[in-house]
Amino acid sequence: MRVDEVAAPQSLAEAMAFLKRRSDAVPWAGGTLLLSRNDRRSTDRPMPVLDLGGIPELTSINRSDRYLELGACVTLASILALPSSLSLEPLREAIKLVGTATVRAMATIGGNVAARSAFMTCFAALACMDAAVELRDASGTRWVGIHTLVTDHDTPGFPEAMLLSRVRIPTQPWDAAIVRRLGEPARGETVPASFAATARYEKGTLSELRLVAAGRTIVRDRNLELSLVGKRFPLAAKDVEATRLEASARARDTGFDEARSDRYGAYVAAFLGSGEETI
Ligand SMILES: Cc1cc2nc3c(=O)[nH]c(=O)nc-3n(C[C@H](O)[C@H](O)[C@H](O)COP(=O)(O)OP(=O)(O)OC[C@H]3O[C@@H](n4cnc5c(N)ncnc54)[C@H](O)[C@@H]3O)c2cc1C
């Protein structure tokens, strides 16, 4: 990436003023992804860089009764250091899969969520936790569900000329959750796909379920989830097998290769069949 201008704003207002003038600016958070792979469409054109590292608002962590709000530049290591009572287990487990301790000390949650080239490891976990994101552009600020960062083709769809400023995570605990890598990176990829699932149940009956696999594309089948709500948890063997086949087929349709699609189906089956709580 060739750079023609670097801005190092000290506030969000300054950052937004720069983004208004240079809508093609590349936000730079920890830089761990930008330095290790091409996260942007290749171009010969020099790009302006917007360094987010000096903006205090982006490193704040706030908690209310129902939510935890993480500034986009909160590092993955800082999230791991939060008290474990915060019901963040799916996200913490996803973070433990990211790089090394040195990488996690620089890498930010915003950079993980806003990646353009693939859904990074935290995305599936955050989608299963019903996370919302705060987006800012020249026209203002708005909260949207994290699923709005997915295109109609199930690929990453973080909008251009936009900043992610906060990630909001509901803190109501899940009764069961699991996060796994979906095998090693496929050829030409530097980051493996990941699988996450969360569930709540009442008196042994599933009341809420989220199943997500994310890599170059994302798999989330709400019809499948809804069809399982109301069933006994763990599921009966015949339902587990039917769900395994349906989940694998859906992953294949979304562009996952054969091996990962099968592994996704197997993880879904293991989660629903055992009610596995181990993350
Ligand atoms: C050795 C190594 C191993 C890794 N392994 C993994 C892995 O297993 N799983 C994984 O998920 N990642 C992995 N990564 C990639 C990376 O460390 C993480 O994805 C990290 O969370 C990215 O955060 P960052 O702050 O460094 O992002 P950056 O590199 O600064 O930015 C990433 C992208 O997000 C955009 N961006 C950043 N912040 C914002 C914002 N606030 N608003 C709008 N856009 C923004 C940038 O423009 C860029 O396109 C690895 C990296 C290395 C070096």
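Let me start with one term: a residue is buried when its relative accessible area is under 20%. Keep that in mind, and keep in mind that this is a predicted model.

Take Arg 92. Its relative accessibility is 10%, so Arg 92 counts as buried. Arg 92 sits in helix H4, residues 89–96. How many of the eight residues of H4 are buried? Six are, and the helix is mostly covered. The buried ones are Pro 90, Leu 91, Arg 92, Glu 93, Ala 94 and Ile 95. One distance for orientation: the C-alpha atom of Arg 92 is 22 Å from that of Glu 57. Those two residues are 35 apart along the chain.

Now the ligand. There are 35 residues around the ligand. Which of them are closest? Pro 27, Thr 32, Asp 39, Arg 40 and Thr 121. At Thr 32, a side-chain N or O atom is 2.5 Å from an oxygen of the ligand. At Leu 97, a backbone N or O atom is 3.3 Å from a ligand oxygen. At Arg 181, a side-chain N or O atom is 3.5 Å from a ligand oxygen. On its own, the ligand would expose 980 Å², and the protein buries 90% of that.

Next, salt bridges. Oppositely charged side chains can pair when their charged atoms come close. The whole structure holds 20 salt bridges. Start at Glu 5. Its side chain meets that of Arg 21 in a salt bridge, 2.7 Å from N to O. Glu 5 is in strand S1 and Arg 21 is in helix H1, residues 12–21, so this pair ties together parts 16 residues apart in sequence. Glu 5 is partly exposed, at 24%. Arg 21 is exposed, at 54%.

Glu 5 has another partner, Arg 22, with the closest N and O atoms 2.9 Å apart. Here strand S1 is linked to the loop between H1 and strand S2 (26–28), and the two residues are 17 apart. Arg 22 is buried, with a relative accessible area of 16%. Step back, and shared partners join Asp 4, Glu 5, Arg 21, Arg 22, Asp 24 and Arg 45 into one network of salt bridges.

One more pair: Glu 134 and Arg 136 form a salt bridge of 3.5 Å, N to O. Glu 134 is buried, at 4% relative accessibility.

On to strand S1 again, from its surface side. Met 1, Val 3 and Val 6 form a nonpolar surface patch, with about 290 Å² of accessible area together. Val 3 belongs to strand S1, residues 3–7. Val 3 is partly exposed, at 42%.

What about disulfides? A disulfide is a covalent bond between the sulfur atoms of two cysteines. A search of the whole structure finds zero. Cys 122 is in no disulfide either; its nearest cysteine sulfur, in Cys 128, is 12 Å away. Buried or exposed? Cys 122 is buried, at 0% relative accessible area. Cys 73 is buried as well, at 10%.

Last, some backbone details. Most residues other than glycine have a negative phi, and most peptide bonds are trans.

Asp 130 has a positive phi of about 60°. Asp 130 is in the loop between helix H7 (121–128) and strand S6 (132–137). Asp 130 is partly exposed, at 32%.

Ala 161 also has a positive phi, near 55°. Its loop runs between strand S7 (140–145) and strand S8 (163–170). Ala 161 is partly exposed, at 26%.

Finally, a cis peptide bond joins Phe 233 and Pro 234, with omega about 0°. Pro 234 lies in the loop between helix H8 (222–228) and helix H9 (237–253).

How values were computed
Residues numbered from 1 in each chain as written. Predicted model: local features only at pLDDT ≥ 70, side-chain atom pairs only at ≥ 80, totals over all residues. Heavy atoms only, no water. Patch = residues over 30% accessible without salt bridge, like charges linked within 9 Å, V, L, I, M, F, W, Y side chains within 5 Å. Areas by Shrake-Rupley, 256 points an atom, 1.4 Å probe, with all protein chains shown as cover. Salt bridge = Lys/Arg side-chain N within 4 Å of Asp/Glu carboxyl O. Helix = DSSP H or I, 4+ residues; strand = E, 2+ residues; numbered from the N terminus. Buried < 20%, exposed > 50% of the residue type's maximum accessible area, 1.4 Å probe, protein only. Near = heavy atom within 4 Å. Polar contact = N/O pair within 3.5 Å; in protein donor to acceptor, adjacent residues only side chain to side chain. Disulfide = S-S within 2.5 Å.
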